[in-house]
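Welcome, and please open your viewer with the selection panel at hand. We will walk through the model stop by stop.

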Amino acid sequence: MSQTWHGLAEPAPRPLGWADWLRIALRGTPLFILLLFCFPLLLVLRLPERLIFGQARPVTPYITQFVCVTACHILGLGRVMHGKPMIGPGAYVANHVGWLDIFVLNAGKRLYFVAKSEVAGWPGIGWLARGTGTVFIARDRRHAAAQTRLFEDRLRAGHRLLFFPEGTSSDGRRVLPFKTTLFQAFHSERLSAILQIQPVTLIYHPPVGEDPRFYGWWGDMALTPAILSVLAAPRQGRVEVVYHTPLKVSDFADRKVLALTAEAAVRAGLPPAMRD
């Protein structure tokens, strides 16, 4: 069973009128066409890419990034970046707000997400995640050694992995405590001397007049109404992506200190009123 964060009462989705459905169609149709064209192209190119470059993927991540940049434009979601993505081998850790995080983070940098194994079975989303190279993990200590080897292979192949150490999404108004288990993989003998971890903070600003938690997805909220509410918004808000100073793994004695330091950096990126 996946863990789900339950915070304050979840906002009830507002009823959708004809104007809302029109906006859903005007945004949803080009998004569907974009995925319908680009995802098969990615799969077709992946075969020769694998034969020529092995695990390295010098071509297909650009398709994923193009899709995510274009999707943000179609939605009308403003993106503001602070700081710069790191250079050199490494992984990112970020707070997790909702389904839009995938588009926002991939639009800013070519990367691969690490997701809980349940996501692989989600209709539509699981298929897209598998095709774009998402790493699926089981939150079970019995699989820790195998998952560490998988992370090592992907990172040493030059892949930038992105983890959501909170283990679940939230309302976007706070950073939940980071779980430390996945940080152990960074301390492996093959990685610790070369690896950096870059904390990233996502700050969503809702459309004018909407609930401050408008872009959050948590608790027992269904995914489809959450997507429809964003597609139906008359005007979108914006999101700030804050890239913090990378942390050199070899500077930290163990995973707990590394996780706490990364968590503190992500939380410090939030406006003061949102820190707890």
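The tour below goes from a helix pair to cysteines and then to salt bridges.

Before you select anything, note that this is a predicted model, where local features need pLDDT of at least 70, side-chain atom pairs count only at pLDDT 80 or more, and totals for chains, interfaces and linings use all residues. Residues are numbered from 1 along each chain as its sequence is written, and side-chain values use heavy atoms, with hydrogens and water left out.

**Stop 1: the helix pair**

Select residues 18-53, helix H1, and then residues 60-75, helix H2. Helices here are DSSP runs of H or I with at least four residues, numbered from the N terminus. The two axes come within 9 Å and cross at roughly 175°; axes are lines fitted to C-alpha atoms over the stretch in contact, and angles run from 0 to 180 degrees between N-to-C directions. H1 is therefore roughly antiparallel to H2, a label for angles over 145 degrees.

Now show side chains. On the H1 side, the contact (heavy atoms within 4.5 Å) includes Leu31, Leu34, Leu35 and Cys38. From H2, Ile63, Phe66, Val67 and Ile74 are among the residues taking part. The contact residues divide into 15 nonpolar, three polar and three charged. Nonpolar here covers Ala, Val, Leu, Ile, Met, Phe, Trp, Tyr, Cys and Pro; charged covers Asp, Glu, Lys and Arg; the others, Gly among them, are polar.

**Stop 2: the cysteines**

How many disulfides does the structure hold? It holds zero, taking a disulfide as a pair of cysteine sulfur atoms within 2.5 Å. Select Cys38: the nearest cysteine sulfur, that of Cys68, is 10 Å away. Cys38 counts as buried because its relative accessibility is 4%; buried means under 20% relative accessible area, exposed over 50%, and partly exposed in between, with a 1.4 Å probe and protein chains only. Next pick Cys72, whose nearest cysteine sulfur, also that of Cys68, lies 7.0 Å away. With 3% relative accessibility, Cys72 is buried.

**Stop 3: salt bridges**

There are six salt bridges to find, each a side-chain nitrogen of Lys or Arg within 4 Å of a carboxyl oxygen of Asp or Glu. Go back to H1 and select Asp20 and Arg23, three residues apart, about one turn of the helix. Their closest N and O atoms are 2.7 Å apart. Asp20 is buried at 6%, whereas Arg23 is partly exposed at 22%.

Then select Arg174 with Asp171, where the closest N and O atoms are 2.9 Å apart; Asp171 is buried at 2%. Finish at Arg238 and Glu240, with 3.7 Å between the closest N and O atoms. Arg238 is partly exposed at 36%, while Glu240 is buried at 15%.

Terms used: Helices (H or I, at least four residues) and strands (E, at least two) are DSSP runs, numbered from the N terminus. Angles under 35 degrees count as roughly parallel, over 145 as roughly antiparallel, 65 to 115 as roughly perpendicular and the rest as oblique.
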